[in-house]
Amino acid sequence: VEILAFSLFNGVLYGMLLFMLSSGLTLIFSMMGVLNFAHASFFMLGAYFAYQISAIVGFWPALVLAPVLVGVIGAAVERYGLRTVHKYGHVAELLFTFGLAFVIEELVQLVWGKTPVPYRVPDSLNFTAFTWLGLDYSAYRLFMLLTSAAIFIALFWLLTRTRVGLIIQAALTHPRTVEALGHNVPRVFMMVFGFGCALAAVGGVLGGNVLGTEPAMAIQLGPIVFVVIVIGGLGSLGGALIASLFIGIMNNVAITFGWRFSEFFAMFGVDPSAVDGVVANIVNMTSAQIAPVLPYLLLVLMLILRPRGLFGTRDV
Amino acid sequence: MTGLVRRYGVWIAFAAVMALLPTGITSSFAMSIASQIGVAMVFALAYNMLLGQGGMLSFGHAIFFGLSGYFTVHYINLIGEEAVPYFPISLVPLFGGIAGLFFGILVGYVSTRRAGTVFAMISLGFAEMVTALTLILSAFFHGEEGVQTDRWVGPEPFGITFGPDIQVYYLIAVWTFVSVIAMYFLTRTPFGRMSNAVRDNPERVEFIGYNTQRVRWLAFSLSSFFAGIAGALHALLFEHVGFETVSLQQSGLVLYTTYIGGIGHFVGPILGAVLITILNGMLSNLTEAWFLYLGVMFVAVVMFAPGGLAGLVMMHEPVWKADPRLMKRLVPSYAASLASTAIAAFGIVGLVEIIYFHSTALETTQGMTLFTVPVDPASAIPWLLCGATAVVGIAACRMSYPVARRAWDRVVLEARSRMMR
């Protein structure tokens, strides 16, 4: 039970981290139709900026400064990059962000090197918050959880209760009408893009020191965020939250428990020691091994069977 | 005779270049690059059957390239152990193609229902799944080591063992030639035309009575077949297949090659394969930042020249047809633009290389050479020199580009008025 509780806690944590990326991405995607391949790269930039800034002025200013910086960069990318490519269609936009993700990864290697940088949990939060069922829960992880929950509530409030949120929601579905009412829709797009990137950067600041800050972190996390927004449904914040938590928990439970498939196959009378080669690989698989495959299996199945996702109102 | 030359002249020239290329090559390194160009050409053209002709953007086409490579090396190893009946090595790429076709039919069935973003995401999902599987099914993929093979097996007809590099080169050249011709004539068949139609207006194609999924599926399967041939040639060339051949990076590389070459013309991916393979071969040894330059190049092409290299060249075709002498008027402004781009690139590359040297300085203790000139990265002089060069180059670009653009506009107007006459 204690292991289950612990892996659930970590799963929720990982899920909330995913949510910080997917919430921005799902807004950008449903608003502009651009699947932003570079979204996880902004997450990575957030982590690296936080590392650099916290080395100079400490963690707390970095928590604010890094996302702001990344948000400005994101807005500039939208204004000077995506808007230029927009006239060539969605495929060109997709290709642009794909190339951008590649360039950002190389630039990060250029500046900070290919090896992970020592971005650590701040000392003020580096203690055990409470012990439950014999396992320690660190204060920093608790802080991560609370911050991301606060961001979710603030975001929800912003989108449903404020004037800005209403304009954004209207621009999601009826951009022409919103434009006719006198709002500058391209500027709304730019702001949303920058804001989404800043949210991803918050995820990077919070998660970088737990997951490890290295040049490969973007390409590891990026595709999983796509899975989340497809499963959750486009433009649906609630869907993104539930899908993030689901993927996070599934991933952690599958890894910590490590069920063996040989027991499953044994029910059908398969003896693991009697087979060899590829069959033996399949029979002896553990759930920890297939954990990385599961999200993509879900993605493909979801796109084939229900392209609008769990809570989406329209197809991808 | 002249009619024959006019009709097939390009193909004869293509065959002649590939046949005579080894006579000009002395080093085994250049020979390997020449062979790699052939492989890249087949793979990029196969990829363009999807992206350029079928309008399907795939992020996972390397899985057919890589899987067929794995099947090829296992098959050659089995021949070596005499576990399967002998199959001539020169025909093994066909086996690889069939392996690619098999997986293409399977994956294509589920992924080709729709084009656009859905297709792209499904392809990404498959790419990630196969990459993860290479670590799980270690009996087949051998994890991160990959699988070794020895292409020198079985009987030796006419003394051909495929041991020496030159014999492998000719094997690849023949397969490349045949595949390129096959893919070119595929674009001229009714199927090739329907593939274009499905790319441009799927709804209308449905109204005419075609099943768009069938057309996409067929294009996907055929493309996987040729990707499989390329994968088998790759495996024969290196006698090794690793998990990186199925990875997202490999898929990205073929996307860059194809797109930089130009997806709108048949010749585009060929240009891209030649250019990127040569640059990759030469620069990846010289600089750590080669992939950065590749990425920047790709982004620049997406933003400013979506037709790629082939598009830039073919843009001039109407002018050339109207009057070849008009092209002369473009030369000065083009030369100025090219020169200023070169200056800007020179400065920026210099800066990037100095930064790279600093970020990896812990590993390298020897001094730094920049463009074969030894420099001291610690002093401010190289920074200032490179920075000044970059600034001058960018300023020159800002002046020369509008001039080139105006010259081009004037020439187009002139060509148009001559066509009217």
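**Exercise 1.** Is Asp200(B) buried, partly exposed or exposed?

*Solution.* The model is predicted; local features need pLDDT of at least 70, side-chain atom pairs count only at pLDDT 80 or more, and totals for chains, interfaces and linings use all residues. Residues are numbered from 1 along each chain as its sequence is written, chains are lettered from A in the order in which they are written, and side-chain values use heavy atoms, with hydrogens and water left out.

Step 1. Take the classes: buried is under 20% relative accessible area, exposed over 50%, partly exposed in between (1.4 Å probe, protein chains only).

Step 2. Asp200(B) has a relative accessible area of 55%, so Asp200(B) is exposed.

**Exercise 2.** Describe the salt bridges and the exposure of their residues.

*Solution.* Step 1. A salt bridge needs a side-chain nitrogen of Lys or Arg within 4 Å of a carboxyl oxygen of Asp or Glu. Over all chains there are two.

Step 2. Arg199(B) pairs with Asp200(B) at 2.9 Å, N to O. Arg199(B) is partly exposed at 34%.

Step 3. In chain A, Arg83(A) bridges to Glu78(A), with the closest N and O atoms 3.3 Å apart. Arg83(A) is partly exposed at 30%, whereas Glu78(A) is buried at 5%.

**Exercise 3.** Which residue classes make up the lining of the largest cavity?

*Solution.* Step 1. The lining includes Ser58(B), Phe64(B), Ser111(B) and Phe220(B).

Step 2. Count Ala, Val, Leu, Ile, Met, Phe, Trp, Tyr, Cys and Pro as nonpolar, Asp, Glu, Lys and Arg as charged, and the others, Gly among them, as polar.

Step 3. The lining residues divide into six nonpolar, four polar and no charged.

Technical notes. 1 Å grid on protein atoms, 1.4 Å probe; cavity = no way out; pocket = protein on both sides within 12 Å on 5 of 7 lines; lining within 4 Å.
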